[in-house]
Every structure is written in C-alpha cells, then in structure tokens.
Amino acid sequence: MSPVTVQVPAKVNLQLAVGAVRPDGFHELVSVFHAVSLFDEVTVAPADALTVTLDGEGAGEVPLDRDNLAARAVELLADRLGQSPNVHIHIRKGIPVAGGMAGGSADAAATLLACDTMWRGNTPREMLRRLGAELGSDVPFSDLGGTAIGTGRGERLAAVASVARFHWVFALADGGLSTPAVYRECDRLRDEAGDDIPAPAPREELIAALRAGDAPALGAAMTNDLQAAAISLRPSLRDTLLAGTAAGAVGALVSGSGPTCAFLAADEDAAKSVARSLEASGTCRTTRVAYGPVSGARVLPRLWNSESGAV
Ligand code: C5P
C-alpha cells in the first residue's frame with residue numbers, strides 16, 4: 001500500500017443562520033458554505049500504530065492523540081472496511097487552527113478520502129460524506145467544496161451553482177475560539193435578550209448575488225448569527241472588522257465561530273490592498289489572501305519520490 005495525499009480547502013460561511021437548540025443539543029442551522037483557497041494537505045501511510053504528525057500553521061496547538069479528528073476518521077473508516085487502523089497521518093496545515101474555517105473538519109474529510117484511496121475501498125463519495133457527518137457537522141462540506149447550502153446541523157448539503165470567482169482576505173487572530181463555547185455564548189446572549197428565535201432560512205439576496213457574481217451585493221448580504229457571540233468573547237474582533245471595512249472591503253464578517261475575520265474584496269488587487277491595510281492596522285496577527293469557490297477534497301497525484309525512484 002502506497003502513501004496517499006489529499007488536498008482539502010478551508011471554508012467561510014457566507015451566511016450562518018442559527019436556529020433553536022434541538023433535542024440532541026445541536027442548533028438547527030442554515031449555512032451557506034464557501035470553500036476558499038487556503039488548504040491543508042493530509043498524507044496517510046501504513047504504519048505500526050495510529051500516529052499523527054503536523055507541520056505548518058498553528059502546529060503545537062493541535063492534539064496529536066486520538067482526539068484528533070483525523071485519527072478518529074481513520075478508526076471510523078477502518079472499522080467499516082475491516083482494515084487495520086495502523087496508519088501514520090501527516091497534516092501540512094495551511095488552514096488556521098481553531099479559527100472558524102473548519103480546519104479540523106477538513107483534515108477529517110481528507111483522511112477519509114486518503115484512507116479509502118489507500119485501502120482501495122471504493123466507497124462512494126456520498127457515503128464518505130455520510131460517515132464524515134458522524135465526525136463533525138462541517139466534514140461533509142469539506143469533502144464537497146464549492147458553494148453549498150447546509151441545513152440540519154449543517155451536514156445536509158445542496159450545491160449552489162455559481163461561475164464567479166470571489167476574492168477574500170482573512171485576518172488571523174492570536175489563539176483560537178472554541179466552537180462549543182461560542183454556541184453557548186450565543187445561547188446566553190439570546191436568553192438575556194429574550195427574543196424569539198426565527199427558523200433559519202437562506203437569504204434570497206445572498207443567493208442571487210452569488211449567482212450574479214456581484215461582490216458588493218454579496219458583501220452587503222453576508223450575515224453570521226455567531227458574530228455577536230464571538231465578539232462578546234473576543235471584543236477586539238470589532239476593531240479588526242472596522243479596520244477591514246475602512247480599508248475598502250465590500251463585506252466583512254467573523255468566519256464561522258471565529259476568531260478569523262473574513263473580508264470580501266471587489267477584485268484581486270483590492271484584496272491585496274485590504275490585506276496590507278489590515279496588517280498595518282495592528283488589529284490582527286497576520287492576513288491571508290484567497291479566492292473562492294474552490295473544489296473540495298481531492299487526491300493529489302503522486303510526485304517523483306527521490307528515495308524510492310517511484311512515480
Ligand atoms: O459538529 P461539530 O463537531 O463541528 O460541532 C462542534 C460543536 O459546535 C458542537 O459540539 C456544538 O456545541 C456546536 N454546534 C451546535 N450546532 C450545530 C453545529 C455545532 O451547537 N449545528
């Protein structure tokens with residue numbers, strides 16, 4: 001069995017509408033997912049034990065034991081296919097860790113596809129996504145990519161056809177935010193306000209802007225119901241959002257549960273300029289320029305391996 005490498009993108013939620021808490025403790029969601037060109041690469045290879053190593057963005061902050069979602073993905077698929085879970089997983093991180101960009105989910109989706117390819121499991125992608133949903137709400141989208149509307153707890157997906165390319169700037173923060181903690185804070189703020197919680201629904205103007213490739217209209221239509229909670233836990237995010245807007249972004253919001261902030265730019269040059277201004281503002285640790293949509297998890301062709309001479 002030869003090693004297999006899968007590339008997998010980060011996501012930003014163009015809309016994240018959070019409904020009421022369900023009996024299983026999850027929130028009913030409508031999430032418009034959008035895959036962007038920040039990638040992790042996950043390589044799996046047969047080994048003596050299930051092990052995880054990691055390099056790149058945020059190395060040191062990710063658990064390398066069986067709590068790692070990628071390790072759990074190996075165990076889940078190995079069990080289904082009757083394979084040994086003794087696999088070495090190496091994760092090259094380009095997606096911010098605990099940043100609200102589905103980095104852990106991306107690694108789980110990539111690991112499922114990489115192991116299935118290595119083991120020649122020929123599991124249909126739809127089935128891999130269903131397995132992925134057992135690991136986390138965002139895992140199926142990491143596999144699918146593009147732009148898609150997620151319902152349920154975010155795992156039921158319908159692709160949105162859009163040919164336009166959008167240009168993004170991501171402002172990375174120091175340290176992460178815990179997704180469950182942000183949901184809890186959202187519930188707490190809602191309890192305090194005592195407002196009714198409307199059933200979540202996709203915004204028509206957002207879907208129309210996506211289809212039309214209209215960046216200013218998309219920027220104006222983006223919303224995130226977790227944003228107030230993320231700002232409540234990390235008040236400095238307000239300054240980051242203001243700095244990006246002042247720099248000319250046509251849309252600004254916290255990505256998922258944060259603390260990464262996402263800025264939509266009118267074009268590629270505008271994105272570079274927004275990134276420079278954000279870095280100069282001192283309101284973030286660093287920035288990344290990216291575009292979307294991009295495709296979901298995909299197996300990379302094997303490169304020339306100088307040690308074995310194999311292609
Ligand atoms: O599914 P995932 O593991 O990504 O979810 C992480 C946490 O986010 C959950 O444990 C839950 O606290 C919260 N969550 C939620 N409702 C959702 C998705 C996630 O409350 N629809």
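Helices (H or I, at least four residues) and strands (E, at least two) are taken here as DSSP runs, numbered from the N terminus. The structure is a predicted model, in which local features need pLDDT of at least 70 and side-chain atom pairs count only at pLDDT 80 or more, while totals for chains, interfaces and linings use all residues. Residues are numbered from 1 along each chain as its sequence is written, and side-chain values use heavy atoms, with hydrogens and water left out.

Serine 31 counts as buried because its relative accessible area is 1%; buried means under 20%, exposed over 50%, and partly exposed in between (1.4 Å probe, protein chains only). Leaving aside residues up to four places away in sequence, serine 31 touches Asn13, Gln15, Leu16, Ala148, Ile149 and Gly150, where contact means heavy atoms within 4.5 Å.

Attention now turns to the interior. In soluble globular proteins, nonpolar side chains tend to be buried together. A nonpolar core is a set of buried Ala, Val, Leu, Ile, Met, Phe, Trp, Tyr and Cys residues joined through side-chain atoms within 4.5 Å. The largest such core has 65 residues, and Ile89, Trp168 and Phe170 have the most contacts inside it. Helix α2 (residues 103-118) gives the most to this core, namely nine residues. Apart from this core lies another, of 26 residues, including Leu16, Leu29, Leu241 and Phe263. Among the residues that isoleucine 89 touches, beyond those up to four places away in sequence, are Val42, Val44, Leu50, Val52, Ala70, Val74 and Thr111.

Helix α2 also meets helix α3 (residues 125-135): their axes come within 10 Å and cross at roughly 135 degrees. Axes are lines fitted to C-alpha atoms, for helices over the stretch in contact, and angles run from 0 to 180 degrees between N-to-C directions. The angle therefore makes α2 oblique to α3, given that angles under 35 degrees count as roughly parallel, over 145 as roughly antiparallel, 65 to 115 as roughly perpendicular and the rest as oblique. The contact is made by Ala108, Leu112, Leu113 and Asp116 of α2, together with Arg125, Leu128, Leu131, Gly132 and Leu135 of α3.

Finally, alanine 98 sits in the loop between β4 (87-93) and α2. With a relative accessible area of 42%, alanine 98 is partly exposed. Alanine 98 touches Gly176, Leu177, Gly258 and Pro259, not counting residues up to four places away in sequence.
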